[in-house]
Structures are given as structure tokens and as C-alpha cells.
Amino acid sequence: MKKWMKYTSLGVVILLAGYNSIYIRRLSEVRAAAKAGTFEAATYARHFLDVTLPAHPDKAVDLAGLSRTLTTDPARAFSESHAQNDGNNRFFLVKGSGRITRVDSEYIYLNVEGMSQPVMLATRYIIGTAARDGSGLISVDEFTTTMEMNSVSEELNKLIRTQVVPPFVRVAKAGDRVLFTGAIELQKNKAAPDSLEVTPLNLNIQ
Amino acid sequence: MRPVTIVLLTSLLLMGCSHGGGRRPKKVAIIVSTLNNPWFVFLAETAAKKAGELGYSSRIFDSQNNTDLESNHFDNVIATGYDAILFNPTDAQGSVTNVKKAKDAGIPVFCMDREINSKEAATSQILSDSYSACIDLGKLFVRTLHKKGNYVELLGIVSDNNTWNRSKGFHSVVDNYPGLKMVAQQSADFDRNKAMEVMESILQAHPDIDGVFCGNDAMAMGAWQALTAAGKAGHVKVIGFDGAEDAIHSIKDGKLTATAMQFPKRIAELAATDADEYFKGKRDFAKKLPIPVEVVSSENIDNYTAYGKKE
């Protein structure tokens, strides 16, 4: 009798422990819950390019003016730069206009009024964080993780590569006059470069 | 003795007692993911040194890359009355619970180097900007391999955000060049011995490689050992990340191609300083503070020493 009670009690304990140790949920529910908390980098990037940036035209500095200040007063020039950290690589949102002098598979070269060095609009390799960081409008504090912020950079570059550049490249030719807004990356500890590479954000042929 | 004098003396005595209680030296716990990697030893010891300079006692806890052990450390730290935690997490998601536990107990947590997936749990998070650094490493890799060749990637711990920030930064550049083909991508958990084993195994299947990108220097050194044993070290370009002592020596000796210098001294000292400021009443800390990371190669190796820049 005692043995019977002992084994029954043990069985009940094992059943209870087993029941409370295992939770079964539908995979679709788990996936849906995970998706609800997923950051939509592509949507964020689209909104940034279409809404946020156009709403802040004052954030873009005149590229020809910046180029002069970089030579005469670098400290003042870099005071208009942005970055997610306080390191040597700094980013600017720039605007200007110029005439196309040459087109190749990687760049469209511009002669910008008031600038001695050529401006190269990147058309093939859209890489780095200039598009994200140039305006200073995106801050790491907005995001739960740095991975989310970095995925915004990738989505912005993808949008530029697939939607900003192709319609422009299809029609651009030497001699055209171009209005541009873009982002550049410069290093504080180096002299002003011989040419300036611009990641394009908005391009129009006049 | 007049009553006024008695009241004054009593007040002074009480003030003295109260002041004495408030002067209990603050205790700072330093919980790090692993002490099996010299980089984290340096991070922990620097944090302890800075805490000492600021007048606090401290103790280092080694989580041995084990979230359960890390959780035990948090329980211990909370139970034994520590006043702040300088924390290097084992797992971006799994460590959030531990940080919340400390927060609920009124203990501020200051993350060092590694991130947790929460903006609210930690008081501040001081993090290397791994993504930006790996964009620069990716550019250097493309230049070094002249835009073509087969390469291998060794990932760190897959539950750590640094692993993916580094990998994604690198790929955001390298994937634009169709001539560069990744023939294998495997995790070696930021561990030198594991990296050597993984690399040996990969070389069996893919003997014809030109480059290896590793998520930290320990894995880069392990990969280098495997390549040396296979007689391929002279040809294959190996890139690491951290700025650890052996990697810096290796670049000087013409072995590793490059690394990215994190600044653990700055990270650890900032975390300890944040704790000090918290004790003094500050509450508005930057939730995430990315610290710049710099590419180190044979071109600029003379400017650097282990874990930092030459002073």
C-alpha cells in the first residue's frame, strides 16, 4: 500500500514537473511575435530619403564654399560635419551645381563653379555611411541596437544604387548641367583631397 | 553644560555618525564575458584600475562566455551590495534580463564594448563602432586583393552584435565586387584554437584561397597558424579586428595584413568614469556611445602599440 502511494505521488510530481516544463506554441505565433518587434530598415530609409531630408534643406552646405573653407579654415569647415562617433572620419551633407565633363562606369565627373578640384558623383559603388551620417539627422539613440542603425545605412545605399542613380545615368551626358544634393566623407587629419567623391542623394539635370 | 551646548554637541555627533555611514566605500563589480582572451583581460584590468583611482573598490568576475554563469554573477553582485556594474555581456539578447535584474535592484549597469538589445536597461553603453571600422577594412581588403580572389570569413560568437556589425560592415563593401568570392563562412566563437581548427578544416575543402577576414585578432592568429602549417601563409592575406598585442606584432613582422584598433583603455575608463558621475548624481547619460575604431596596417603600424596608439 505504502509502495503504491509512493509511486503514485512520484508519478504525479513527474507529470506536474513535465507539464510545467514544456510550453507548446504555434511556430506561426512565434514568427509573428518576432516580426512585430522587427525594425523595418527599408521603410525607415525610404522615409528618410523621401520625407526627412527634403524637409531639412538647410542641413546641406554649399560644396564650393565648403571646399574653400577646408583650405582656409579646416576647423571651421569640420564644425559643419557629422558622425556617429568622435573619430577622424567626418561626413557632410552637400549641395551644388556643375557641368558634366566626363562619364565612366564608376563616376560622373562634374566641373562645379567656384571649385578647382573635380567632383565625382559615385554611380557604381555606393558604400559607407555618408548617406546616413552626412546630415546629422540620424542618431544612434533612436535605435534599440547599433545593428538597426547600420541596416539603415545599407538600405539607404541600396535605394541610391537602385532608384536615385539609374534614371540619372540613363540620360546624363557630357555638357549637361546638374543640380545635386549628396554626402561626402572627409578625414580630419588629412589635407583637402584633390577630388571630392559625392554619394548622390538627389540629382536633377537642368 | 547649557542646554544649547548639549543640543549642538548632540547634533554634531549625529552628523558625524551619518557622514561616516555615507562614506562606506562604493564597490564596483566588473563582469566580463571571458578572461580567456587578452583583450578582455586588458579591458577588465583597466576598468578596475580606473575604479581604484576614482576611490572605489572593485572585483572582476569572469563569465566564461556562459550566460548562466553571468546570471549567477549578477545574483551574487546584487546580494552582496555592489553599487555599480561595469559590464561586458556574453549575449546581446540573453544578457538583457541580467541587466534588468540589476536595474530593478537599483544598481546601474554600464556596458563596455559589447551591446545589449535594449535602450532602457543599461545606464549607458560604450561601444566600439565596429561597423564603420569594417567598412574601412573591407576597402583595404578589396585593394589588397585587387578586386578578385577567393576568401574565407571567420565569424565571432553568433549571438553577439559585434559579430554581425563587423561582418555586415565588411560585406557592405566587399559584396559590391563580383570578383571576390566567399568560399566559406563559419563561426569560431572569437577563439584562437577554434579558429585554427576551423581554418584547417576549411583548407581541406578550399585549398585555393587568397584572403581571410576574421571578426577578431584571436581568430586571425589562429587562422594564420593553420595557414602556416599548410604552407600558405605567405600568399593568403589575413585581416583581424581588435588591436591585440600579438596582432600588432604580427603586422610589424609582415604576417597579418591588418587589424582594426579598438581602444579598450578609453572604453573601460569611460565606463568607470560614468559610474563615478552616477554616484555623484548624474543621470542623463548617452544611451549608446560609439567609440571610433582605426584601421592598422603596415602603412601606419608605427603609430600604434598593443590596445592603442603610441603616446
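Helices here are DSSP runs of H or I with at least four residues, numbered from the N terminus. The model is predicted.

**Confidence**

Colour chain B by pLDDT: the mean is 93, and 93% of the residues of chain B reach 70 or more. Then select residues 7-21 of chain B, where the pLDDT is below 50. Beyond near neighbours in sequence, this stretch has one contact in the model. For the complex, the predictor gives an ipTM of 0.87 and a pTM of 0.86.

**D274(B)**

Select residues 264-279 of chain B, which form helix 10, and pick out D274(B) within that helix. Show what surrounds D274(B): leaving aside residues up to four places away in sequence, D274(B) touches F110(B), S124(B), I126(B) and F285(B). D274(B) is buried and has no salt bridge. A salt bridge requires the nitrogen and the carboxyl oxygen to be within 4 Å.

**The interface of chain A and chain B**

Next, select the residues in contact between the chains: 23 from chain A and 27 from chain B. The area buried between them is about 2,100 Å², with 51% given by carbon and sulfur atoms. On the side of chain A, select Y125(A), I127(A) and M147(A), which lose the most area to chain B and together make up 24% of what that side buries.

For polar features, the interface has three salt bridges and eleven residue pairs in polar contact, both residues at pLDDT 80 or more. Helix 7 of chain A, residues 146-171, gives the most to the side of chain A that touches chain B, with six residues. Finish at K139(B) and E185(A), which form a salt bridge with their closest N and O atoms 3.9 Å apart.

Conventions. Residues are numbered from 1 along each chain as its sequence is written. Chains are lettered from A and ligands numbered from 1 in the order in which they are written. This is a predicted model: local features need pLDDT of at least 70, side-chain atom pairs count only at pLDDT 80 or more; totals for chains, interfaces and linings use all residues. Side-chain values use heavy atoms; hydrogens and water are left out. pLDDT is the predictor's confidence in each residue, from 0 to 100. Contact means heavy atoms within 4.5 Å. Helices (H or I, at least four residues) and strands (E, at least two) are DSSP runs, numbered from the N terminus. Buried means under 20% relative accessible area, exposed over 50%, partly exposed in between (1.4 Å probe, protein chains only). Lys and Arg count as positive and Asp and Glu as negative; His and the chain ends are not counted. A salt bridge is a side-chain nitrogen of Lys or Arg within 4 Å of a carboxyl oxygen of Asp or Glu. Buried area is the accessible area (1.4 Å probe) that two parts lose on being put together, summed over both. A polar contact is a pair of N or O atoms within 3.5 Å; within protein, one must be able to donate a hydrogen and the other to accept it, and residues adjacent in sequence count only if both atoms are side-chain atoms.
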